[in-house]
Amino acid sequence: MFMTKLIFLLGLAVWTSSSWAAQLVDAAATNVTGRNVYSPSVIFDNGRFEMWYGGWQSASDLPNDRIYFRASVDGLNWSAPTQVLSPSQLPGASFTHVNDPSVTKHRNAANGMLQYTMFYTACAAPCAQGDNQIWSAVSSDGLNWSHHQVLLTSTSLGPAGPSAVIDPQPDGTFWRLYYVDRFDPWRVKVANVNGDRRATSVSVAFENASELMGDVEVVRFGTEWHLFFGAFVFHGNTLDRVDVKKVVSASPMRWTGVARTLISNSGSAVCATITPGVLQTGARSYSLFFGVHLRGASGCSLTEFTGIHRWRWNLP
């Protein structure tokens with residue numbers, strides 16, 4: 001039987017089993033702040049951290065979500081924000097929001113050039129839950145994005161919140177793309193995506209009938225695949241908090257274990273730690289970036305994420 005303890009860091013409550021107690025190395029708030037900022041995706045390359053995130057950088061951005069970029073040398077102190085994508089830049093229909101970036105970087109075998117690929121949520125007007133779609137775009141510098149194309153769309157499901165992992169396979173799969181449908185929040189799904197950024201198959205990767213899930217992130221550590229997600233906790237019909245949980249598997253296609261809580265906001269001044277972005281920093285270590293939402297008079301509205309934190313962890 002696991003012993004558990006409750007610790008408080010930066011106003012957030014962290015439940016951890018005795019076997020996980022030594023995992024948390026440190027916890028800090030970054031200088032990434034704004035009117036409503038969250039959903040970080042972080043890469044480290046050539047001595048520089050690069051972050052893409054979404055939301056409203058300032059009140060003047062309301063009501064349309066946008067995607068921004070910042071750079072850093074230490075992962076805590078970041079450059080001023082640069083807007084890299086707005087809804088008006090997408091082709092075709094009218095869009096209200098773009099958010100939830102998941103960025104990968106690789107060398108394109110066809111031209112030998114470094115290529116950033118961003119998978120993201122785009123919500124078509126009028127932006128009901130079923131209007132959420134998952135798109136992708138490419139870039140040579142991480143700032144200027146082109147060749148936008150839709151990857152997954154279904155008005156009966158509303159796919160959103162992608163997490164992309166490069167995992168080339170003999171069948172032509174290049175990315176595993178994890179996400180949760182807005183109308184099916186009890187399942188995490190995985191799409192196999194080829195080099196042309198087209199989905200060739202979709203299957204259920206993890207089921208959790210006891211709670212609503214969202215904001216997934218998947219990272220590979222050796223032979224282990226770690227699935228992080230936001231767990232939405234309700235009191236009746238009212239959202240009380242969003243915690244961060246994790247489950248581990250030996251397969252990138254299916255998780256069957258029990259998810260454990262990394263961060264619980266029960267009884268804390270924070271009501272939501274949302275959209276975990278995970279950066280692997282060593283063979284058995286990682287940094288967890290996430291948006292922080294304080295409890296307010298309006299409860300947990302999920303529209304007041306005032307900053308992004310970075311917590312560093314070691315695996316046992």
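**Reading strand pairing in a predicted model**

Mentor: The model is predicted.

Trainee: What is the general idea behind strand pairing in a sheet?

Mentor: Strands of a sheet are held in pairs by backbone hydrogen bonds, in either a parallel or an antiparallel sense. Here, in β10, S139 is the bridge partner of Y116.

Trainee: How many residues lie between β8 and β9 in their hairpin?

Mentor: There are 6 residues between them, and in the turn G112 has a positive phi of about 75 degrees.

Trainee: Is strand β9 mostly covered or mostly uncovered?

Mentor: A residue counts as buried when its relative accessible area is under 20%. By that criterion, 10 of the 11 residues of β9 (residues 114-124) are buried, and the strand is mostly covered.

Trainee: In what order do the strands of the open sheet follow one another?

Mentor: The order of the 4 strands is β12-β13-β14-β15, with antiparallel pairing. At the edges are β12 (159-166) and β15 (199-207), each of which pairs on one side only. From one strand to the next, the twist averages 25 degrees.

Trainee: How many bridges join β13 to β14?

Mentor: Strand β13 (residues 173-181) and strand β14 (residues 184-194) are joined by 7 bridges and run antiparallel. Within this pairing, R176 stands opposite N192 in β14.

Terms used: Residues numbered from 1 in each chain as written. Predicted model: local features only at pLDDT ≥ 70, side-chain atom pairs only at ≥ 80, totals over all residues. Heavy atoms only, no water. Buried < 20%, exposed > 50% of the residue type's maximum accessible area, 1.4 Å probe, protein only. Helix = DSSP H or I, 4+ residues; strand = E, 2+ residues; numbered from the N terminus. Pairing = 2+ DSSP bridges. Axes fitted to C-alpha atoms, helices over the stretch in contact; angles between N-to-C directions.
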